[in-house]
Every structure is written in structure tokens, then in C-alpha cells.
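I hope they are handy to keep beside the viewer as you look around.

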Amino acid sequence: MNRKLGPLPALMFGSRWLQLPLYLGLILAQAVYVFQFWTELVHLIEAAFGHQEALVTLVKSIGYKAASIKDASGAVIGYEPIAKLNETIIMLVVLGLIDVVMISNLLIMVIVGGYETFVSRMNLEGHPDQPEWLSHVNASVLKVKLATAIIGISSIHLLKTFINADNYSEKTLMWQTLIHIAFLLSAMAIAYTDKLLASAHGSHSGQDDAH
């Protein structure tokens, strides 16, 4: 039954539309990530065909350095020039592209799932392109999925760091590993809490049915 809300409840309930500019802003951020992806991909293709300027841009963007040049005392005085793509550079660039895709997927989950959960229904039931996860999304499910996506993104960053470990200090490697473990433990705690809440809700529903 459609029931007319009072002025104050209608105002409070309608305030959910203030989130709409936030989701539109995330769509613009998504467009920036698309531009960034294609820029890196074009540089990679150009570098593969021997374009030196594109290679320099790639090397700077991934923070890669070639073998160091040391003086007689063992101090680093420079790095060997990079003349062409090597396996490490390609791997770091590809991992960077995968990272952009995973962050883009995270944005889609926040935009679509958040709008569906907190703003308004999209009425996608029966649509052939409806995401599978959206059919049963709620605030709790969205929270677990976002935590899982963040772990995936953190894993890519950690892998990029270890591949390029020679250019990072032991302190940086240690802290990135600890932060990744913290993300992992946080996601496990969120999933476990969600499971407990679901179990409690199920037991209460069973008791109500029995009564």
C-alpha cells in the first residue's frame, strides 16, 4: 500500500538523493581510469615497437630502475640506461593495467550497489545484463564484496612491489606486507561478523515461525 509520508519523514527520506552527485562523481572517476588505462596501454605498445620516449615514460610511471652502477667504494653513482623493454618492465606495466581494471570493478560495485542499496531501485530484474551479485545485494553483502575487492587490489600492489623489490627498502617491503595482512584479517573479520548476523537472523526467523 502506498502511504503518504508526513513533511518531516518525506524530507528525511528524500535526503538520500543527496548521494546522487557522489555516485555521478564516481562515474567521472571511472572515466579518468579508462583514460589512464588506454594511455598506459598505448605507451606499452609504442615501447614494444622501439619508441624510446614511450619507454622512458613507462619506466618513470612504474618506478623501475635498471642495474645500479657503483664506484670503487661501492656507492651507487647511477643506473644503467634502459634501451628496450624487458620482461620485468612488461610485467609491471601489465600488473598496473590489471590494477586499474580491479579498481574500476570496485568503482562499479560502489556505484551500482550503493545506488541500489541506499538511493533507489534500478528495476533491473529480468534484464539480461543484470550483474549476478546485484540480485541479492544489501549493505552487508556489499561490505563483504568491497573488502574482498580491496584485498585483490592490495595483492596486485604487493606483487608489483616484490617484482621490483630491488628499488624498495626492506622497511617499505615489510610495511606493505603488514598492511596487506591487515586488509586480509579485516576482510575475514567482516565476513565472520556477517555470518554471525545472518545466523542470528535465521534463528530469530525460525523462532517466529515456530510461534
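1. Which helix does valine 112 lie in? Valine 112 is part of helix H4. Its relative accessible area is 17%, so valine 112 counts as buried (buried is under 20% relative accessible area, exposed over 50%, partly exposed in between, with a 1.4 Å probe and protein chains only). The C-alpha atoms of valine 112 and tyrosine 23 are 8.5 Å from each other, although 89 residues separate the two along the chain.

2. A word on the source before going further. This is a predicted model, in which local features need pLDDT of at least 70 and side-chain atom pairs count only at pLDDT 80 or more, while totals for chains, interfaces and linings use all residues. Residues are numbered from 1 along each chain as its sequence is written, and side-chain values use heavy atoms, leaving out hydrogens and water.

3. On confidence, the chain has a mean pLDDT of 81 (the predictor's confidence in each residue, from 0 to 100), and 83% of its residues reach 70 or more. Please read strand E2 (residues 76-79) with care: confidence is lowest there, at a mean of 59, and highest in H2, at 93.

4. The overall layout is 6 helices and 2 strands, in the order α-α-α-β-β-α-α-α along the sequence. These elements are DSSP runs numbered from the N terminus: helices are H or I with at least four residues, strands are E with at least two. Of the 211 residues in the chain, 26% are buried. Taking contacts (heavy atoms within 4.5 Å) between residues at least 6 apart in sequence, 64% join residues at least 24 apart.

5. Next, the nonpolar cores, meaning sets of buried Ala, Val, Leu, Ile, Met, Phe, Trp, Tyr and Cys residues joined through side-chain atoms within 4.5 Å. The largest has 13 residues, and Leu55, Tyr64, Leu85 and Ile89 have the most contacts inside it. Helices H2 (20-48), H3 (52-62) and H4 (87-119) each supply at least two residues of this core, with H3 giving the most, 5 residues. A second, separate core of 5 residues includes Leu106, Met109, Ala149 and Ile153.

6. H2 has 29 residues and spans 42 Å from first C-alpha to last, close to the 42 Å expected; H4, with 33 residues, reaches 46 Å, close to the expected 48 Å. The expected span is 1.5 Å times one less than the number of residues. In H2, Tyr23, Gln30, Glu40, His43, Leu44 and Ala47 are buried, and their cover includes H3 and H4.

7. The helix ends have their own details. Just after H2, glycine 50 takes a positive phi of about 90°. At the start of H4, a side-chain oxygen of asparagine 86 comes to within 3.1 Å of the backbone nitrogen of threonine 88.

8. Not counting residues up to four places away in sequence, threonine 161 touches Tyr168, Leu173 and Gln176. The side chains of threonine 161 and glutamine 176 make a polar contact of 2.6 Å (a pair of N or O atoms within 3.5 Å; within protein, one must be able to donate a hydrogen and the other to accept it, and residues adjacent in sequence count only if both atoms are side-chain atoms).
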